[in-house]
Amino acid sequence: MRRIHLHAFKIAGVGHSAIGTWRNPYMQEDRYTDLEYWQDTARVLERGLFDSLFMADFPGLNDVHNGSTESSFREAVTVPLNDPMMAISAMAAVTRHVGFAVTASTTYEKPYAFARRMTTLDHLTKGRVGWNIVTSATASAARNLGLDRQIPHDERYAIADEFLEVAYKLWEGSWEDDAIVRDTTRGVYADPTKVHKAAHKGKYFSVPDEFLCEPSPQRTPTLFQAGMSASGRDFGAKHAEAIFLLANDAKGFKRSIDATVEAGKAFGRRRDDYQFVGGVSVVVAATDEEAQAKLEQQLRYVSIEGTLSRQSSLMQLDFGDIDIDAPLEHVKTDGVRSLLERYTIEDPNRVWTPRQVAEKMARSLGAIQVVGSPSTVADQLEALMDDGDIDGFNVYDNLPLRTLPDFVDLVVPELQRRGRYPLEYAAETLRGNVSGGARLSDRHVGAGYRHPAASR
C-alpha cells in the first residue's frame, strides 16, 4: 500500500486560489508581510510531516480581463505579491525537515545568478530547497522585465531547456566533490584543478566560467514542474522529479500521468522517477455537517468576478471581451495552455462556458474539493490517489493558519491510523523525502553533466 506525500500550496501575497476571500473575518492572508506568519506556517507543516511548502509566484500583473489591472487590484487577484524566496531562510531556521519549493521563471532569470541563489539557499537550509520551474505566462511580466513583447509559448520552453542545461553544468559539473581541501599547510582552500568551466555557448545563454559556489547538500535543488501543455508535459517528463497536477477528477490525473510517463521514455525515465502531486482544496471538521458549514462560510466570500479575472490572466484570454455564457473554445494562446485545454478538449463529452469555469473554480476553492470529517476526507483522498495513480496531494491553503492546522490535526492522524501516511520523516533533505535519493537519479538528464570524477 503506497503512502501519501503531502505539500502545501501558497503565494507570498494576497489572492491566490479562492479570490475574494480576503474579506473573510477568519482570513489571515494579509499577514504575508510578517515573518512570524511564515515561521508559524512552516512549523505547522513540519508537525504534519509535509514534504514541502510549495510557493507559487507570478512575476507580472493580471491585466487581461477587460484589458486592465483594475479588477486585479480591486479584487486582490495575486496582488499585492512579494518575492517568495525571501522568507525561506527564516522558515528553515525554525524547522529541520520540511522543504521549500519556490517558483522561479526561466524566461526572466539569468542562470548563473539564479544557480548561485539556489545553491546558497540549499546550503542554508541543509538541503531542503526545491525549484518549481515555470516559463511565465503574463504579458505584463514581459513588459516590465525588459522585453518588448511576450515570448511565444513554445519558445519559452526552448529557452527553459537551455537554462536547465546551463544550470546542470554549474550545479553538477563545475565543482568536483572533493574540490574544497582547506589545506592550511599548503595554503590551498579549493583545488583549482578540480573546479571546471561551464563552457556554455548556446542560442540563449553564454556562461563560460566556473561556478562561484561550492556544491550544496543536494547540488541540484529538487526539481518541480506544473505545466501540462504538450510542451510543458515534455519538459516535465525530461527534467522534473515531482510534478504538480490540476484536474477535474481522478481520471484527469490519470490521463496526465500516463502522457507524462510515456513522454519520459524518450529520456530513459520510468514511472517511479516521478512524484505526481494532485491539487486539492480540503475543508475538514469533526463531522461532515460541521465541515459543510465551514465550506459554506468560506464560499460566501468568493468572488466570481475576481475568479474570471484570474482565469483571464492565466489563459491569456479576455473573458471581459467575450460572451461568458457561450461555449469556451480551444484556441492557442501564450497563456497556460493546459488550463484552457482542461476546459475545452480534455473531456470531449463536456462543454464549458467561461461563467461555468469561474463558478466551478470559485465553488471548489481552486482545486478538486474534498469536504467532510477526518474519515470522509481520508476516504476521498485515498480514492483520488488510487484511482488517479497519483503519489500525493498539494493542499491549497485557502484560509492561512486555519486550513493547514485543521488538516494536520484532523486528517493526518486518520491517514496515519490507516497506514497511508508516515509517522516520521524519511530523510533530512527535500529530495530524500520526495524520491528517496541524495542526488539526481543516474537516469536523470542532469546526471549526464557531472564531472567524471564526481561521486554518484
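Contact here means heavy atoms within 4.5 Å of each other. This is a predicted model, so local features need pLDDT of at least 70, side-chain atom pairs count only at pLDDT 80 or more, and totals for chains, interfaces and linings use all residues. Residues are numbered from 1 along each chain as its sequence is written, and side-chain values use heavy atoms, with hydrogens and water left out.

**Exercise 1. Which residues is Thr41 in contact with, leaving aside its neighbours within four places in sequence?**

Step 1: find the residue. Thr41 sits in helix H1, residues 35-47. Helices (H or I, at least four residues) and strands (E, at least two) are DSSP runs, numbered from the N terminus.

Step 2: list the partners. Once neighbours within four places are set aside, Thr41 contacts Lys10, Leu401 and Leu404.

Step 3: check the exposure. Buried means under 20% relative accessible area, exposed means over 50%, and partly exposed is in between (1.4 Å probe, protein chains only). Thr41 has a relative accessible area of 1%, so it is buried.

**Exercise 2. At what angle do helices H8 and H13 pack, and how far apart are their axes?**

Step 1: Two packed helices are described by the angle between their axes and the distance between the axes. Axes are lines fitted to C-alpha atoms, for helices over the stretch in contact, and angles run from 0 to 180 degrees between N-to-C directions.

Step 2: read off the geometry. H8 (residues 250-264) and H13 (residues 374-388) pack at about 35 degrees, and their axes are 8 Å apart. H8 passes H13 in a right-handed crossing. For the handedness, look at how the near helix is turned from the far one: anticlockwise by less than a right angle is left-handed, clockwise is right-handed.

Step 3: name the residues. From H8, Ala250, Phe253, Lys254 and Ile257 meet Leu384, Asp387 and Gly388 of H13. Sorted by class, this contact has four nonpolar, one polar and two charged residues. The classes go like this: Ala, Val, Leu, Ile, Met, Phe, Trp, Tyr, Cys and Pro count as nonpolar, Asp, Glu, Lys and Arg as charged, and the others, Gly among them, as polar.

Step 4: zoom in on Lys254 in H8. With a relative accessibility of 31%, Lys254 counts as partly exposed. Setting aside neighbours within four places in sequence, Lys254 is in contact with Asp387, Gly388 and Asp389.

**Exercise 3. How do the axes of H13 and H14 cross?**

Step 1: get the numbers. The axes of H13 and H14 (residues 403-417) come within 9 Å and cross at roughly 65 degrees. This crossing is right-handed.

Step 2: list who meets whom. Pro374, Ser375, Val377, Ala378 and Leu381 of H13 meet Phe407, Leu410, Val411, Glu414 and Leu415 of H14. That contact divides into eight nonpolar residues, one polar and one charged.

**Exercise 4. Which strands pair with E13, and is E13 mostly covered or uncovered?**

Step 1: set the rule. Two strands pair if DSSP finds at least two bridges between them.

Step 2: find the partners. Strand E1 (residues 5-11) runs parallel to E13 (residues 392-396), joined by five bridges. E11 also pairs with E13 in the parallel sense, over four bridges.

Step 3: check one position. Leu6 stands opposite Phe393 in E13, and Phe393 is also the bridge partner of Gly278.

Step 4: settle the cover. Five of the five residues of E13 are buried, and the strand is mostly covered.

Step 5: follow E11 onward. E11 (residues 275-284) runs parallel to E12, with five bridges joining them, and Val283 stands opposite Val371 in E12. Four of the five residues of E12 (residues 368-372) are buried, so E12 is largely enclosed by the rest of the structure.

**Exercise 5. Is Ser303 buried or exposed, and what does its side chain reach?**

Step 1: Ser303 lies in the loop between H9 (288-299) and H10 (304-315).

Step 2: Ser303 has a relative accessible area of 9%, so it is buried.

Step 3: look at the side chain. The Ser303 side chain reaches the backbone nitrogen of Glu305 at 3.4 Å.

Step 4: Not counting residues up to four places away in sequence, Ser303 touches Ile19, Gly20, Arg23 and Glu75.

Conventions:
A polar contact is a pair of N or O atoms within 3.5 Å; within protein, one must be able to donate a hydrogen and the other to accept it, and residues adjacent in sequence count only if both atoms are side-chain atoms.
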